[in-house]
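Subject: Structure for you to look at

Hi,

Here is the structure I promised to pass on. Have a look at it first, and then read my notes below.

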Amino acid sequence: MNKGQGFQIQADAPTSGKGSGKGIDRALLKRLLHYVQPYKGLLIAATFLTIFGAGLSPLRPYLTKIAVDDYIAKNDLEGLVHISLLLGLVVLLDSAKIYGATYLTQLLGQRAVMALRMDIFKHLQKLSLRFFDRNPIGRLMTRATNDVESLNEMLSSGLVALIGDVFQLTFIIVLMIMLDWQLTLVTMSVLPIMVYITFLFKKKVRVVYQDVRTQVARLNSFLQEHITGMATIQLFGREPQEFEKHTEISAAHRDANIRSIHYYSIFYPTIEFLSSVAMGLIIWHSGARMLDGTLTVGIVISFVQFVTQFFRPLQDLSEKYNIMQTAISSAERIFSLLDEKEIIDEPKNPIALKEVKGHIRFENVSFAYNDENWVLRDIDFEVKPGEKVAIVGATGSGKTTIISLLSRFYDIQKGTISIDGNDIKQIHERVLRQHLGVVMQDVFLFSGTIRENITLGNPDITDEDIQKAAKLVGAAAFIQKLPGGYDYQVMERGGALSTGQRQLISFVRAMVYNPKILILDEATSSVDTETEYLIESAMQTLMKGRTSIVIAHRLSTVQRADKIIVLHKGVIREVGSHQELLQKRGLYYKLYLLQYPELLHKQAGFDEESLNTDVLS
Ligand SMILES: Nc1ncnc2c1ncn2[C@@H]1O[C@H](COP(=O)(O)OP(=O)(O)OP(=O)(O)O)[C@@H](O)[C@H]1O
């Protein structure tokens with residue numbers, strides 16, 4: 001496979017230029033707004049609340065000043081009680097504002113990202129297998145989870161809060177100027193240094209933070225792949241090597257996090273230090289002015305409070321800026337996935353295809369997974385309605401590819417594939433697949449009950465249908481023996497069931513859908529004799545009255561087939577019945593001898609080594 005080429009969606013590495021320093025571009029913003037649009041009421045309410053509530057916090061120092069200067073200094077107890085009540089009310093309203101705004105923005109974030117997540121999954125379902133061949137699962141998982149989450153963070157705690165911070169800062173400055181412009185200037189004197197430090201921090205942390213995200217995605221991919229492949233790791237005793245790889249990825253993840261913590265641990269104390277300096281300056285400046293009576297105690301107390309209120313949003317601004325930056329990069333990656341065009345084209349005027357006879361035709365079909373590396377060349381064959389065709393060939397000869405093409409997992413580059421004379425490109429994918437019953441070698445079962453795995457959520461399939469089908473293919477006995485029978489909970493990927501049992505369930509699945517065409521990739525894994533017998537007779541039942549194409553591995557299957565197609569390196573080399581092909585003494589004959597070595601010694605002039613060379617070269 002030619003990974004790294006073609007239509008891979010953006011990797012998790014920091015995007016160069018885009019999203020890593022520039023502002024939000026308009027097209028991106030428009031697309032993001034599309035998800036917010038249905039909930040604009042929530043956004044407006046939250047923004048309204050935040051803007052109007054932004055003045056509540058700064059009111060507290062202001063009221064404190066009045067309490068000190070106008071009531072405490074003048075011994076006005078009644079006035080003091082009133083102002084204290086007012087202060088209490090402001091605190092309450094401020095808390096209510098925080099609650100309301102948090103709730104509304106979280107609601108907005110959750111609803112908008114749910115819509116986005118649904119779009120991602122809907123799009124993933126449309127994508128051709130070609131796309132999945134090239135994009136690691138871990139990366140796609142990161143798109144649908146972490147990247148979506150960072151957009152949620154922007155919507156729920158970034159955007160609206162940022163507007164709130166800006167308004168709060170404005171209110172504070174206005175109130176400070178109203179109280180004493182000179183003291184305001186003194187307080188603000190540390191601002192340029194603070195802005196410069198914040199800018200520096202923002203720059204450093206952005207790079208580090210993107211590195212953290214890359215490492216998270218790497219770790220996700222690694223874990224996903226290794227948990228799935230745990231059996232292979234254990235079988236081949238690869239634990240120490242894989243552990244080492246994990247250690248390396250884990251260490252990179254740790255170091256990236258430590259780097260970001262390092263910057264934070266410098267940034268926050270520096271800001272703390274600067275606000276203390278501002279505080280010191282206020283006291284130093286106030287001392288002289290209080291002595292000559294141009295400044296009141298109340299103003300000084302309120303300024304001390306203003307300082308903490310002023311610098312906190314400033315600290316937060318840099319944090320929120322990071323949230324926005326990360327969200328922009330995430331949005332770019334998500335939209336690049338949503339823009340992924342590697343989908344199977346839907347026909348403009350699809351053929352309805354209600355009744356299918358099951359006449360399959362491949363006409364001069366050529367196909368390559370990548371560029372012009374042809375995997376199948378000039379494939380030309382016909383399967384008449386009700387006919388049973390077996391495909392044989394050495395490994396990598398293109399057998400699975402043929403059935404993938406008929407199922408339209410991939411589109412062909414040359415030739416035509418037709419069913420009952422209709423080009424499959426003119427049939428809607430879903431309609432086409434309704435008429436195909438595909439049983440793959442590696443049966444995929446979802447976590448859920450056996451029943452759900454058979455019906456795959458189709459409500460038209462009744463329990464009676466299921467039981468009838470299970471009986472017909474001989475799976476009923478073992479299913480009934482399972483705890484709960486058809487309600488038996490299948491573990492993820494069918495873990496607790498044997499290969500043979502999974503195969504039988506997939507036969508029932510094919511049977512209940514009653515397709516006219518059956519495509520079967522015969523399992524090579526050996527099962528016990530009893531299950532082998534069950535599977536063989538299930539196959540016969542399934543094939544009855546249907547056009548069948550089987551990638552055959554069993555002698556009994558090829559013997560029973562009406563026609564055998566012998567593939568060799570993507571080209572059809574021989575076609576005929578078992579007897580005809582044996583008599584021909586060509587490639588099929590050699591494949592046959594290789595599969596049944598016990599017959600070898602009876603055949604003069606053939607040894608295993610030369611047969612292998614002939615079949616594979
Ligand atoms: N998804 C893919 N992307 C790129 N190349 C692929 C892909 N799947 C298969 N191939 C290549 O196409 C060729 C035919 O593969 P295919 O799986 O059809 O062979 P096969 O006859 O079914 O083999 P086997 O008996 O081992 O299953 C092989 O060279 C294989 O490497």
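Let me start with Arg408, which is buried because 20 other C-beta atoms lie within 10 Å. The cut-offs: a residue is buried with 20 or more other C-beta atoms within 10 Å of its own, exposed with 12 or fewer, and partly exposed in between, with C-beta atoms placed from the backbone. Arg408 is found in the loop between H12 and strand S4 (414-419), and has a positive phi of about 60° although it is not a glycine. Helices (H or I, at least four residues) and strands (E, at least two) are DSSP runs, numbered from the N terminus.

Before going on, some housekeeping. This is a predicted model: local features need pLDDT of at least 70, side-chain atom pairs count only at pLDDT 80 or more, and totals for chains, interfaces and linings use all residues. Numbering runs from 1 along each chain as its sequence is written.

Asp420 also has a positive phi, about 50°, without being a glycine. Its loop is the one between S4 and strand S5 (422-423). Asp420 is partly exposed, as 17 other C-beta atoms lie within 10 Å.

Now the ligand. Twelve residues surround it, and the closest are Tyr369, Thr395, Lys399, Thr400 and Thr401; a residue counts as near if its C-beta atom, placed from the backbone, lies within 6 Å. Helix H12 (residues 399-406) gives the most to this shell, with three residues. By type, the shell has three nonpolar, seven polar and two charged residues. Here Ala, Val, Leu, Ile, Met, Phe, Trp, Tyr, Cys and Pro count as nonpolar, Asp, Glu, Lys and Arg as charged, and the others, Gly among them, as polar.

On to the cores. The largest nonpolar core has 69 residues, of which Ile391, Val473, Phe507 and Val508 touch the most other members. Such a core is a set of buried Ala, Val, Leu, Ile, Met, Phe, Trp, Tyr and Cys residues joined through C-beta atoms within 7 Å. Helix H17 (residues 499-512) gives the most to this core, with seven residues. Apart from it lies another core, of 25 residues, including Leu32, Ala112, Ile328 and Leu337.

The chain is divided into domain 1 (26-338) and domain 2 (441-514), with bounds from an automatic or database domain assignment. Their centres, taken over C-alpha atoms, are separated by 50 Å.

UniProt (unreviewed entry) lists residues 44-326 as "domain: ABC transmembrane type-1". That span is 92% helix and 0% strand, and its end C-alpha atoms lie 24 Å apart. The same record's "transmembrane region" annotation covers residues 39-59, 79-104, 159-177, 183-201 and 263-284. UniProt positions are in the numbering used here, feature names are shortened, and annotations may be inferred rather than shown by experiment. Residues 39-59 are 86% helix and 0% strand, with end C-alpha atoms 31 Å apart.

Thr102 sits in helix H4 (residues 77-126) and is partly exposed, with 17 other C-beta atoms within 10 Å. Thr102 and Ala161 are 59 residues apart in sequence, yet 9.0 Å apart C-alpha to C-alpha.

Cheers
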